[in-house]
Amino acid sequence: MMEDSLAEKRRLSFKDALLNKYSEDQSDEELCFIHITGSPKQKASFGQSEHFHKRIITLDDCGINCAGPVGEIASMCPNVEELDLAKNDLSDFHEVFQIIRQLQKLEFLNLSENFLPHKIADFTPLLGEHPKESLPSVKKLILNNTAVPLETVNSLLNCLSGVQDLYLSLNGYECIPDCPEQYLNIKSLSINKHAITQWEEIGKIGFVFPGLVELRMSECPLENISPKEVPQQFPNLKALNLNNTLLDTWEAIDALKSFPILTDVSVMGIPLLYQYTDQHKRQLLIARLPNIQKLNKTKISAEEREDAERFFIRHHMDDKSPPLRYLELVGTHGMLDRLAEVNLKAKQTATISLIFDDQPVCEQEINLMQSTTSLKKYVSEIIGIPPPGFKILYKDVGLCFGLEEMKYGPKKLYRYKIKDGDEIHVWSR
């Protein structure tokens with residue numbers, strides 16, 4: 001009996017998990033009645049699975065390790081568009097392909113925290129007699145914390161050629177392997193918490209994904225940015241997140257001007273800026289980056305830019321060797337009189353604890369001038385779940401009023417009176 005029980009645990013299919021999760025609360029009495037409402041198009045036909053019309057299925061942390069018999073998934077839930085299989089026991093891409101091949105409408109696939117470490121140069125054998133055109137047009141693929149090699153990712157993209165948003169965070173990459181192919185469809189890449197220190201490696205990402213519009217690589221040991229080949233590496237990049245990297249020179253910041261159409265940059269928590277106040281940090285960055293329209297998730301107004309550039313001139317007017325940007329701004333604004341006192345005390349950031357489903361994730365410096373919607377998007381990048389799949393709540397640790405749900409997207413974070421040490425809680429739906 002014990003051996004049979006262990007065998008069952010070793011083989012848990014997609015169908016098993018689906019029935020366990022979505023049917024476990026239904027009693028025999030409930031199953032004796034059929035309540036018919038809504039459009040006839042949404043009613044299950046006789047003999048049709050109750051999951052037939054589901055568009056979103058979440059089966060995270062269910063112990064799934066296999067697809068099950070061929071055709072089983074297609075008969076149960078063929079209309080699924082979003083599938084979350086995070087934190088399962090899938091370790092073989094053969095099983096993954098068996099699952100997704102049966103979901104022809106699938107656009108979103110989350111495989112985070114499944115252990116997929118095998119280097120695969122060609123997925124053709126896994127397709128068998130089925131051409132790659134038989135696979136669904138997945139647009140968002142999440143492979144965070146899977147240990148998946150980049151060579152395998154490239155091979156996978158040869159089969160899933162419709163992927164536009166790719167998530168590869170927490171995989172510990174130390175280098176970017178050379179790749180002869182380019183994947184033009186990839187527009188957004190998250191590769192947070194990698195182990196790469198030199199821009200020479202990061203530049204390879206641009207050659208592999210030349211259509212990249214947004215690149216997020218926060219909380220990693222990147223030490224520099226080399227501007228020499230940036231225009232060729234990232235010709236289409238508009239948004240770049242470098243929060244909590246190890247950038248510690250103004251040359252690295254100046255290199256951001258080498259990106260041809262970059263307009264949105266995040267550089268919070270870098271060593272270069274530790275010595276400055278919040279307002280001082282922002283003004284120096286804005287003044288040095290004339291093409292940036294959004295800094296640390298907050299838009300830059302024309303008035304703020306002019307104030308920052310004037311501050312920059314006064315900040316460097318006594319330098320023996322001022323930066324080149326100083327001379328450019330003096331040419332624009334002229335020489336300015338010193339101000340008797342400049343107020344730099346406004347608090348624009350706070351370091352908060354991020355807690356996901358009651359489990360601490362990290363401590364994070366956030367910009368209090370950004371909106372709740374911007375924060376939710378940033379949290380989505382960290383936890384690997386799209387915004388509809390969770391809600392965020394604020395906890396003032398100094399008070400006993402409990403949690404306040406952050407419902408209103410346009411509301412600026414400073415209006416919650418968030419301060420250092422407070423908590424942002426994330427609850428999955």
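**Charged pairs**

I noted that the model is a predicted one. Lys 204 counts as partly exposed because its relative accessibility is 22%, whereas Asp 178, at 69%, counts as exposed.

I then looked up Glu 219, which forms a salt bridge with Lys 193, the closest N and O atoms again being listed at 3.7 Å apart. Glu 219 is in the loop between β7 (214-216) and α9 (230-233), and Lys 193 is in the loop between β6 and α8, so the pair ties together parts that are 26 residues apart in sequence. Glu 219 is partly exposed at a relative accessible area of 23%, and Lys 193 is partly exposed at 32%.

My next entry is Glu 304, which forms a salt bridge with Arg 282, where the closest N and O atoms are 2.6 Å apart. This pair links distant parts of the chain, since Glu 304 lies in helix α12 (residues 302-316) and Arg 282 in helix α11 (residues 278-288), 22 residues apart. Glu 304 is partly exposed at 24% relative accessibility, but Arg 282 is buried, with a relative accessible area of 8%. I also recorded that Glu 214, Arg 216, Lys 377 and Glu 381 are joined into one network by salt bridges that share partners. The structure holds 20 salt bridges.

**Strand β12**

I moved on to Thr 351, which is placed in strand β12 (residues 349-356) and counts as partly exposed at 33% relative accessibility. Beyond residues up to four places away in sequence, Thr 351 touches Glu 363, Gln 364, Glu 365, Lys 419, Asp 420, Gly 421 and Asp 422. For the strand as a whole, six of the eight residues of β12 are buried, so β12 is largely enclosed by the rest of the structure.

Which strands pair with β12? I found that β12 pairs with strand β13 (residues 359-367) in the antiparallel sense over eight bridges, and with strand β16 (residues 423-428) in the parallel sense over four bridges. Phe 356 has Gln 359 as its bridge partner in β13 and stands opposite Val 426 in β16. β12 and β13 form a hairpin with two residues between them, and Asp 357 in the turn has a positive phi of about 50°.

Methods: Residues numbered from 1 in each chain as written. Predicted model: local features only at pLDDT ≥ 70, side-chain atom pairs only at ≥ 80, totals over all residues. Heavy atoms only, no water. Buried < 20%, exposed > 50% of the residue type's maximum accessible area, 1.4 Å probe, protein only. Contact = heavy atoms within 4.5 Å. Pairing = 2+ DSSP bridges. Salt bridge = Lys/Arg side-chain N within 4 Å of Asp/Glu carboxyl O.
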